[in-house]
Amino acid sequence: MNWSWMMPETVSTYGPAIDQLYYVILVITGVVFFLTEGALIAFLVMYRHKEGRKAAYIHGSTKAEVVWTVVPFLIVMAIALASKSSWDLVKNPANFPADAMRLVVTAKQFEWNVTYPGADGRIGTADDFTVRNQLHIPVNRAVRVNLRAEDVIHSFFLPEFRLKQDAIPGREIPVWFEATRTGEFTLGCAELCGLGHYRMKGTVYVHTEADFQSWAASRAEEQQQ
Amino acid sequence: MNHSATAVMDPRHPMPGMQVYNLKLGMWIFLLSEVMFFTSLIGSYIILRFAHPEHWTEPGVILNVSLTAVNTFLLICSSVTMVKAFAAIEQGDQKGLKLWLLATILIGASFVGIQFFEYTKLIHEGFVPNFAAYTAEGANLYGATFYLMTGFHGAHVTIGVLCLSFVLFRAMKGAYTSESYGGVEIIGLYWHFVDLVWIILFTIVYLL
Amino acid sequence: MSTAQLVSSLEKEDRTQPGYTDEGLHELSFIRKYVFSTDHKTIAKQFLFLSLFFLVVGGALAGMMRWQLGFPGQPLPGGGVFPDTMAPGGIILPEFYNSLVTMHGTIMIFFAIMPLLVGVFGNLLIPLQLGAPDMAFPRLNMASFWLAVVAGTVMMASFLVEGGAAGAGWTSYAPLSTSGEWTGVYLGQQLWLVSLIIMGASSLTGAVNYITTVINMRAPGMTWFRIPLPTWSLFITAILILLAIPILTGGLIMLLFDQLIGTTFFIPAGSGEPLLWQHIFWFFGHPEVYILILPAMGIVSEVLSCRARKPIFGYHAMVLAMVSIAFLGWVVWGHHMFQSGMNPMLGTSFMISTVVIAVPSAIKTFNWLGTLWRGDIHFDTPMLHALSFVSMFIIGGLSGIFMAAPAVDIYLHDTYFIVAHLHYVLFGGSLFGIFAGITFWFPKMFGRMMGEGLGKVHFWLTFIFYNLVFFPMHNLGIQGMMRRLYDPNEYEFLQPLQEMSTFISISAFLLVGTQSLFAFNFFWSMFRGRQAPANPWNSNTLEWTVPSPPPHGNFAVMPTVYRGPYEYSSPEVDADFYPQDRPPPGAGPGGQAAPEPTPGPAPTPEPVAGD
């Protein structure tokens, strides 16, 4: 059994920053966990009932209470502020790389349809082509995906890329990511979307730039026929 | 005041230090939850209208503003008659209480009647909350939010009229005196609240 | 009930009004005494039986879910009783699994935890701890219980209709929940909505009653800062219920109209806004999270202080922390929606409010530790449950910090990490708090002591199995396992985790099985337990000054309160407790200074159970 608290491998450019933040929180909460639970157990042993013992008549300590209000406040604020830059990098469209390759992913019960722009590089023209449950991308190039949903809410989840975003019918939501190595990775649905939710999955194929170009060319050719 | 610890606890005796009697306090608290209920409806209306302004028309194109203005005036009048009814029983004026209560009931009932007439006419003209009926014009959110908000308000007025009728019934049997008029006071609170909600709804649904 | 009868009964509710009649003065028929009772203590017991029933139902649903996850695709033992639309040959179908997920969440939250905390302890403790003869509106109180029965019946009936019970998750996100087209569930989803609307009415009537009672029905001397913490927490919870439930009711009504009459509030095909439902749901839902934990915090504070024989550390800070939670709870709902497509700037502001609301919970935790420090700790069953609440709440609170950082939440959102977190708060927190409360006040409710030996066995087994079930879920979440998957093995990268899922499932069956010890102890003690004295725990609060169980009307003499509720080990008296209604030394029985100072009557300690 895997009792590990380590994050699995990440293959996106922003993945390591998110993992680092996770480890920082893990260490802070881990220390707090052992200190508080340790204090609890120590008190239970030290102050267990004994004949003739009378508890101290103490109603509190303003000094102590101020300390344990201010210290947690500072810690959680620091975590929040540390989180802000990664959050903005991943989710704020203003920070998306301008030269990213553009795709459209349309979710519906229970499949992912990925639309490529074709030879002209523009979505919404006749040479677009669509593949089902396969997301082919080149390595080391930013990809910007506009998420759509046809029926209900789905959630576009690329665990190895540390990316998750709901796809909402009636809206188009942009996300971006950039792969750092080639290989096959998981595309999953993370929002309950009906009885086939558990099998609404696809595969992310990260190719070298050359492989990607030849794959896209052969797909575009199929589309022409 | 010396609260003697040895006094036998009489369940009918109010607890010491009580500022407002339970029923009135309870009504105020209940009205707070009503505020939140109408907030959820009005908030949803605002969000939907900002998201899809194309569903709405200019004021007065579909809805009959002048008819509803008359109706609004009626409801405000009924708040005045309610105040009169309460003032009457505070003075111990049984006849005044009954008369003003009756006036409030009649005005409240006519409000519901006019609203019913308005609904019938609108539905006849094809202004319905149903999506399927509206795919061409794309105004279903207008209809849906209109009936949702005015409908729940109308239901509140109807319940108010029924409760007022019961208070009148009890007043005829002489249940209220200048010392004891809790029923009149709390139904009055409820009635003024319903009136106030209407003024807000009239403004945002009909005038804006 | 007609409107006229409703008004009439409302009028008769108020003891200060002429229509008021009190039934406690004469003998009542069996039906009026046990079925349509207006006595707050009887209503508390009725809520106890109702919500324990639903706790069993919710546990059974969880058991079936865990069977599918632990042994995917294998026939459920005894599953042959289900029709082919749910589990043909005992093999759970995906649509039935979704119903199990949805109904487990709904029933546990609305029909088990909420009524256990608010319905049971609100009714039992508020009048008794304030020194009041009953609730402000006893008949409204009865209506609240029977509305809950109706709501529960409707919810259970939804399993039996065509298409099965609701299957869109306990959050019922639109548009999945707006039409059977997407889930195959038509009538079941509508019954779900109707049931929750009725349950909302039940909670609201209860909340109006609790708030009025706390403001108006306090005994002389019971100032705001002498109110025991369980009652404080229930008062704040009632305010949250009062303001949050109507928001949900509005949303439920709109969703019902979308289903029934063709409106499109939440349906994008008709220009509706699916995210509007999420905003409404979580605007209610986050205060709801605190509704589910605050009363448990109050109960635990009471038990810790009493069984550590020490004043609660920082009483005022405890109250202020709850008050600030009640305010901040309204501005954090967006943290449930970080990945829903909201404006990232908005996400940042919700992140800030979310980390701020962590602070009051931290204050409370440290104050509990401060209460134990230099205490005289008695390890009775209620105390064990209360201590376990503290230690599990620490885990649940710390795991929340991961999701409060939106960047980390991107990965953890909708994974088993969330499932682990919410169960550490709701089971490790609320349910251990409930066990602490039931075992602590059992003697007051039923007049008999609960079996201590069996109680401890139940505690330790529950504590161990509970952690074996939910702790590994953190690890599953970190490995990326999504929630609400019928069969995670569909995903290749989740297949190596099957062993852990099976381990969790076996632990879950043992956890559920262990609860039979509690059930046995509960019913055995009710009839065969040792007779309980008035004050078995040597506690200070007013409910322990009257017999166990207290008579109708509670107090033969209206109590006068002289001090705060947590004056344990006070140097003023020899005993280690100092009841709130004990006149101080040098005061006459009427609360006035006696002409000559006489030594105050020290309370006589009574034998403490479990020592």
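Is C:Thr365 buried or exposed? In this predicted model, in which local features need pLDDT of at least 70, side-chain atom pairs count only at pLDDT 80 or more, and totals for chains, interfaces and linings use all residues, residues are numbered from 1 along each chain as its sequence is written. Chains are lettered from A and ligands numbered from 1 in the order in which they are written, and side-chain values use heavy atoms, with hydrogens and water left out.

C:Thr365 is buried, since its relative accessible area is 9%. Here, buried means under 20% relative accessible area, exposed means over 50%, and partly exposed lies in between, for a 1.4 Å probe and protein chains only. The residue C:Thr365 belongs to helix H12 (residues 344-372) of chain C. Apart from neighbours within four places in sequence, C:Thr365 is in contact with C:Phe393 and C:Ile394, where contact means heavy atoms within 4.5 Å.

Chain C contains 17 helices and 0 strands; helices (H or I, at least four residues) and strands (E, at least two) are DSSP runs, numbered from the N terminus. The radius of gyration of chain C is 25 Å, close to the 25 Å that the globule rule gives for 611 residues, so chain C is as compact as a globular protein of that length. The radius is taken over C-alpha atoms, and the rule is 2.2 Å times the number of residues to the power 0.38. Along the principal axes, the C-alpha atoms of chain C fill a box of roughly 85 × 55 × 50 Å. Of the 611 residues in chain C, 71% are buried. Among contacts in chain C between residues at least 6 apart in sequence, 79% join residues at least 24 apart.

The accessible surface of chain C is about 17,700 Å², and carbon and sulfur atoms account for 69% of this area. Accessible areas come from the Shrake-Rupley method with a 1.4 Å probe, and for residues only the protein chains shown count as cover. Chain C carries 24 positive and 34 negative side chains, the centres of the two sets being 11 Å apart. Lys and Arg count as positive and Asp and Glu as negative, while His and the chain ends are not counted. Each charge is placed at NZ of Lys, CZ of Arg, CG of Asp or CD of Glu.

Over all chains, 96 aromatic pairs are found in the whole structure. One of them is the tilted pair of C:Phe265 and C:Phe266, at 6.5 Å centre to centre and 55° between the planes. Rings of Phe, Tyr and Trp (its six-membered ring) pair if their centres lie within 6.5 Å; planes under 30 degrees apart count as stacked, over 60 as edge-to-face and the rest as tilted. C:Phe265 is buried, with a relative accessible area of 1%, and C:Phe266 is buried at 0%. C:Phe427 and C:Phe470 also form a tilted aromatic pair, at 5.9 Å centre to centre and 55° between the planes. This pair links distant parts of the chain, with C:Phe427 in helix H15 (residues 416-446) and C:Phe470 in helix H16 (residues 452-478), 43 residues apart. Both C:Phe427 and C:Phe470 are buried.

Chain B has 5 helices and 0 strands. Buried residues form 50% of the 208 residues in chain B. Among the 2 pairs of chains that touch, chains A and C have the most contacts. Chains A and B do not touch, and their nearest C-alpha atoms are 12 Å apart.
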